[in-house]
Amino acid sequence: MKHSEWWKDSVVYQIYPQSFQDSNGDGIGDLQGIISRLPYLEKLGVDVLWLNPIYKSPLVDNGYDIADYYDIDSRYGTLDDFKELLEQVHKHHMRLIMDLVVNHTSDQNYWFQESKKSKNNDYSDFYIWKDPKSDGSAPNNWGSTFTDSAWEYVPERNQYYLHLFAKEQPDLNWENPEVRKSIYKMMRYWFDLGIDGFRMDVISLLSKLQDFPNAPDDLPLHKNYYYGSSNGPREHEFLQEMYQEVFSKYDVMTVGEAANTNSDQAILYTDPQRNELNMLFQFDHMHLDYGKYGKFSDVRFKLSDLRRVMTDWQDKLVDGWNSLYWSNHDQPRPVTRFGNEKKYRVQSAKMLGTLLHMMKGTPYIYQGEELGLTNVNFESLDDYQDIETKKIIAEMREAGERKEYIEKVCYLKSRDNARTPFPWNNQKNNGFTTGIPWLNVPNYNPVTNALDAIEDKDSVLHYYQNLISLRKKYQVVVDGSYSNFNSDDSDVYGYTRANATEQLVVICSFSNEKVNYEIPSDLQGGELILSNYDRVNLHLGNKIVLRPYEAAVYYRR
Ligand code: TEU
Ligand code: CA
């Protein structure tokens, strides 16, 4: 049975539970905290809430290391709290999707605890075990995101196991039908409880090349990590099986996180005829400012590159569907990265929101993006808690990088920028907790907070509210086809969306200065339905003087 495609006209809001709202003073955000903030989210107008992992976990990688797929971690609450949350989300006219982490588990998971004991128990083949090379070294040269080698030796079995992430995150063996069955069963459990979908962690890594070949030496860092596991030979077979066994039975949405996946491969995942996933998180626009240490660089993106990759995905996914995002719990704040966090913080945050939300696809808002939050000044490198940041700091120190450089790239790229507690007001700890926040940044002083934003009619928050409402008002925002009309401008990104009766003309400036811009003659004369500046004095005939980071959306019939 095919279900309705409600996710196409939805806006998703991502909640990082640990950092959203603490309800009991232990400094950790929790489920009751989220319940207490549902009115804020309903008012914002978002349709779907996505929660980062809240399952039982030792939190080596903040919950992406699951020890028990069937239980909620006690830091966040109980299963009853979760059921209450789900009911309340639905009462507030929203839906709830959970994170699904099935490429790997925690090493504390019962499956792994059993698996590592011997080569002949029920769980022996649940993970990827390989014999050492004759000299005792690791089976191949694969690297991992959070450690040097992707292999860890276990004496009990005299074997290595594969972990593409931390050594406490062993990769599951998807070749084993028992693994797949166990995962599908667990997925049905959550759907039977009533959840509305899954965000599927590193879903493009499930199927590994079974001869486990060495990666070529000259691959850039971020490619080496997933060499031999990205879009592997049985990937689509597994997802089609998952669809038959699970998704086809429920009216739910699915979004796969797909590292190392290009737009041609994405078609295979998202073409509805193929019965796999609804949409993917792509990484091409996240890789535009990579440098020597991969993500941790001070390279600034180029608008021409951004326009090229965004247009590529918009053009390619015609039968499939795009997910649209600037940031998440792994990425820095968009105003800092793509806008101007100082002089034009508010204007550039609104412009970035406009560019993204008017594109074709389902937009995702990461908590705090709707306030235009910036990256965070950590006073000392020791204050970072994220496992990825810690690894890269050690690596750069070892390479002899200057302290100032390390501080700079961590400021620009650390995942902790997005993981700081949500600022609700200007009370103690910005209203996040009455205790000590789990991620405690000395002298943390966010540029704004939710309460101020609610009171200020020109805030980024109100603008986002408006952006979301346009999707409900104009069908063309949902179904219009995309066309980029200025492929060579170094300051301005312009595109149209069009269906049979309506057209949108979207113009966004990425410049810190005023720029003269002429709307192409066949696109002139629309009604201005959205602007991040006062509307007066915008037009000079058909020429517009675009002010710094100005965004304008025109509507034509
Ligand atoms: O991230 C997957 C992923 O591709 C990461 O390597 C990502 O590129 C990196 O964090 C960027 O800095 C997912 C989760 O979103 C992330 O939080 C987890 O740490 C990771 O999987 C392992 O589960
Ligand atoms: Ca708490």
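Here are a few friendly questions and answers about this predicted model.

Reader: Into which domains is the protein divided?
Author: Happy to start there. One of the domains is built from three stretches, 9–103, 177–386 and 421–464, and this is domain 1. The others are domain 2 (110–162) and domain 3 (479–556).

Reader: What distance separates the centres of domain 2 and domain 3?
Author: Domain 2 covers 110–162 and domain 3 covers 479–556. Taken over C-alpha atoms, their centres are separated by 55 Å.

Reader: How many of the residues around ligand 1 are charged?
Author: The shell of ligand 1 holds 14 residues, with Tyr 64, Thr 145, Phe 165, Ala 259 and Asp 330 the closest. By class, five are nonpolar and two are polar, while the charged ones number seven.

Reader: What span is expected for helix 5 at 1.5 Å a residue?
Author: Helix 5 runs over residues 177–193, which makes 17 residues. From its first C-alpha to its last it reaches 25 Å, close to the expected 24 Å.

Reader: Why do the buried residues of helix 5 line one face?
Author: The buried residues are Ile 183, Met 187 and Trp 190. They line one face because, seen down the axis of helix 5, they fall within an arc of 60 degrees.

Reader: Against which strand do the buried residues of helix 5 pack?
Author: Let's take both sides of the helix. The face turned away from the buried side carries the exposed residues Pro 177, Lys 181, Tyr 189 and Asp 192. The buried residues, in turn, pack against strand 5 (95–100).

Reader: Which residue just after helix 5 takes a positive phi?
Author: Helix 5 covers residues 177–193. Just after it, a phi of about 110 degrees is taken by Gly 194.

Terms used
Residues numbered from 1 in each chain as written. Chains lettered and ligands numbered in written order. Predicted model: local features only at pLDDT ≥ 70, side-chain atom pairs only at ≥ 80, totals over all residues. Near = placed C-beta within 6 Å. Nonpolar A, V, L, I, M, F, W, Y, C, P; charged D, E, K, R; others polar. Domains from an automatic or database assignment. Helix = DSSP H or I, 4+ residues; strand = E, 2+ residues; numbered from the N terminus. Expected span 1.5 Å × (residues − 1). Buried ≥ 20, exposed ≤ 12 C-beta atoms within 10 Å, placed from the backbone. Arc of directions from axis to C-beta. Contact = placed C-beta atoms within 7 Å.
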